[in-house]
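Me: I would like to learn how to read a model of this kind, one feature at a time. Please take the general idea before the case.

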Amino acid sequence: MPGRNFLFVPGPTNVPERVLRAMDRAMEDHRSSAFPDLATGLFRDLKQVFQTTSGQPFIFPATGTGGWEAALVNTLSPGDRLLAPRYGQFSHLWIDLAQRHGMRVDIIDVDWGEGAPADRIEAILSQDRQHEIKGVLIVHNETATGVTSDLGAVRKAIDAAQHPALLYVDGVSSIGSIDFRMDEWKVDLAVTGSQKGLMLPAGLGIVCASPKALAAREQAKCPRVFFDFGDMIKANATGYFPYTPSIPMLYGLRESLGIILEESLEAIFARHHRLAEGVRAAVRAWGLKLCAKAPKWYSNTVSAIMVPEGKNAGTVIDVAFRRYNLALGAGLARLGGKLFRIGHLGDLNELMLLGAIAGAEMAMRDVGIQVTPGSGVAAAAEYYRSTAAPLAERPAAPPASDAVPAPSGRASPRTAVRA
Ligand SMILES: *Cc1c(COP(=O)(O)O)cnc(C)c1O
């Protein structure tokens, strides 16, 4: 099919040209004297993305699922009790992983479409006077339902109960796209993957551990080899890895962290909010509902859009793909057929999203969903026009993503981009 595929699943996301070019390189010796420069810079810049100074990042050749496992097995023992709200397929899968490692999970079932219930977490932790619960698992952005939880409120709940449980956060579809403050919210283990906000292919599971989490390793009896923090700490201290790292992925990460820090986290969070608001304006104009039950739960990285009763969202996704070369996300587990998802995270802008909104609108009409032609596109376009930055604030030079990359393939410093 000519033209570009419109990739709007909430991961993998579009990989910027700059990152693709940075990854396209010959292999090298990962034990050479030159190698540590690369790794050391990655750890330094990852800390900025996690918004931590005291946390320690780990990069595993894995995916987000590997990150979940690394966070748990390094800090817990089989039989340990955990507390976890469940409000979508990703919170469900993380709980399942913990259970398969022999952990006992107290599950708080929440309606799919809502997020972490801070009040119930506080009540349960307050009752746990013996401090049997070792950790609280929270999915920051539930990608299955398009719901973002209030991590600040969860932290307050744990503190109010004066409970020492570790706070484990899945930030796979939030970190680098939605404000995530590891230090301020005293997150002990933060997990992400490479193929969402970091704009890379799948292939890295990244975990950041607080000093309290690192100390918990002493008591943690889960067997661990590939995911052992201890082996990583030893090798990473000198800029190496305990086994062969994926070199293209590391150069890709080098470039994507450069892009993120050039735009700035603050600007990235604002961009994701604005792009998401345009999608939500389109959904309202279509007369459809989001899976997220209230505005306080709305996700700025993914919108899960319910199709009317009696219609199958699966056919919308199939038509969009085969007829318009547009990839939309499917409903997962119990939401199968009930909704489709538009991922709006990573390397994207207004007009890319208008393409996705137009394609979704066309595919819905094709399968007999009575949305007014052009209504979603018009609502989003007018929202983007009315909220666009004044021209005076726009650079006259081409935007950073069009700039020529530094010859080394490393991140171009800001000044080089401007020049
Ligand atoms: C994508 C995703 C994951 C991890 O998935 P992998 O396929 O293992 O990378 C975990 N949690 C959330 C919230 C996600 O969006």
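Reply: Start with the domains, whose bounds come from an automatic or database domain assignment. Here that assignment gives domain 1 (17-262) and domain 2 (265-389). Their centres, taken over C-alpha atoms, are 28 Å apart. The contact (heavy atoms within 4.5 Å) takes 29 residues from domain 1 and 24 residues from domain 2.

This is a predicted model, in which local features need pLDDT of at least 70 and side-chain atom pairs count only at pLDDT 80 or more, while totals for chains, interfaces and linings use all residues. Residues are numbered from 1 along each chain as its sequence is written, and side-chain values use heavy atoms, with hydrogens and water left out.

Me: How much area do domain 1 and domain 2 bury between them?

Reply: The size of an interface is often given as the accessible area lost when the parts come together. Buried area is that loss for two parts (1.4 Å probe), summed over both. Between domain 1 and domain 2 about 2100 Å² is buried, 64% of it on carbon and sulfur atoms. On the domain 1 side, Trp112, Gly146 and Ser177 lose the most area to domain 2, together 25% of what that side buries.

Me: How many salt bridges does the rule find across the interface of domain 1 and domain 2?

Reply: A salt bridge is a side-chain nitrogen of Lys or Arg within 4 Å of a carboxyl oxygen of Asp or Glu. The rule finds 0 across the interface of domain 1 and domain 2. The side of domain 1 that touches domain 2 divides into 10 nonpolar, 15 polar and 4 charged residues, where Ala, Val, Leu, Ile, Met, Phe, Trp, Tyr, Cys and Pro count as nonpolar, Asp, Glu, Lys and Arg as charged, and the others, Gly among them, as polar.

Me: Which peptide bond is cis?

Reply: Most residues other than glycine have a negative phi, and most peptide bonds are trans. The bond from Gly11 to Pro12 is cis, with omega near 0°. His131 has a positive phi of about 55° although it is not a glycine.

Me: Where does pLDDT stay under 50?

Reply: pLDDT is the predictor's confidence in each residue, from 0 to 100. Where it is low, the predicted coordinates should not be read in detail. The chain has a mean pLDDT of 95, and 95% of its residues reach 70 or more. Over residues 409-419 pLDDT stays under 50.
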